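Subject: Structure handover

Hello,

Here is the structure I promised to pass on. My notes on it follow below.

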Amino acid sequence: KNVKVVLGECAAMTKGIVEHDFREVTEENAGTTGEKLYVKYGITGIRGQAEKGVPAVMEAGLPALERGLKKGLSLEQAGCATLLALMVSTVDTNLIGRSNRETQLQVTEEIKEILERNPYPEEDMLEILDRAFISKNLSPGGSADLLTFTYFLYFLKEQ
């Protein structure tokens, strides 16, 4: 049940996936958003996270969730802050796919500023962010996947 063991297994199972999946990808043949971002920016996305043992979850996700719960926040409240922490600790390729790299970088900086003021933003701030994302058709789907994995590991650890 040790989280580090699970993350180590993830790394072992996916060792070499970035090199394997991207070795023949070029600007001309890149078909997926992930392939295009790798060619253009060197962004490895979830493959890179998995191959490294999902450091965003270990270094940002789990600590944010656990601190929030220790503060007495609900799973949902702590989870919202955890999603934001994950968004600033990794490059969300889904967010870029829905917009562009510049927008992703700008959103990341805005969220960093929000988290510096309050690592567990109030509901009104979360609603403002939600409305802004909806209006711009933005979706931090990659970070949401990492949040799901964070919850999984939290519950595994707590059992």
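A search of the whole structure for disulfides (a pair of cysteine sulfur atoms within 2.5 Å) finds zero. A disulfide is a covalent bond between the sulfur atoms of two cysteines. Cys10 is buried, with a relative accessibility of 18%, and Cys80 is partly exposed, at 27%. The classes are buried for under 20% relative accessible area, exposed for over 50%, and partly exposed in between, with a 1.4 Å probe and protein chains only.

Before the rest, the basis: this is a predicted model, in which local features need pLDDT of at least 70 and side-chain atom pairs count only at pLDDT 80 or more, while totals for chains, interfaces and linings use all residues. Residues are numbered from 1 along each chain as its sequence is written, and side-chain values use heavy atoms, with hydrogens and water left out.

The chain has ten helices and zero strands, where helices (H or I, at least four residues) and strands (E, at least two) are DSSP runs numbered from the N terminus. Its radius of gyration is 16 Å, close to the 15 Å given by the globule rule for 159 residues, so the chain is as compact as a globular protein of that length. The radius is taken over C-alpha atoms, and the rule is 2.2 Å times the number of residues to the power 0.38. Along the principal axes, the C-alpha atoms fill a box of roughly 50 × 40 × 20 Å.

Of the 159 residues, 40% are buried. Taking contacts (heavy atoms within 4.5 Å) between residues at least 6 apart in sequence, 74% join residues at least 24 apart. The accessible surface (Shrake-Rupley method, 1.4 Å probe; for residues, only the protein chains shown count as cover) is about 9300 Å², and carbon and sulfur atoms account for 52% of that surface.

On charge, there are 18 positive and 24 negative side chains, and the centres of the two sets are 4 Å apart. Lys and Arg count as positive and Asp and Glu as negative, without His and the chain ends; each charge is placed at NZ of Lys, CZ of Arg, CG of Asp or CD of Glu.

Two single residues to look at:

- Lys40 sits in helix α3 (residues 33-41) and is exposed at 63% relative accessibility. Its C-alpha is 9.3 Å from that of Thr26, 14 residues away in sequence.
- Thr32 is in the loop between α2 (17-22) and α3 and is partly exposed, at 40%. Thr32 and Gly97 are 65 residues apart in sequence, with 9.6 Å between their C-alpha atoms.

Regards
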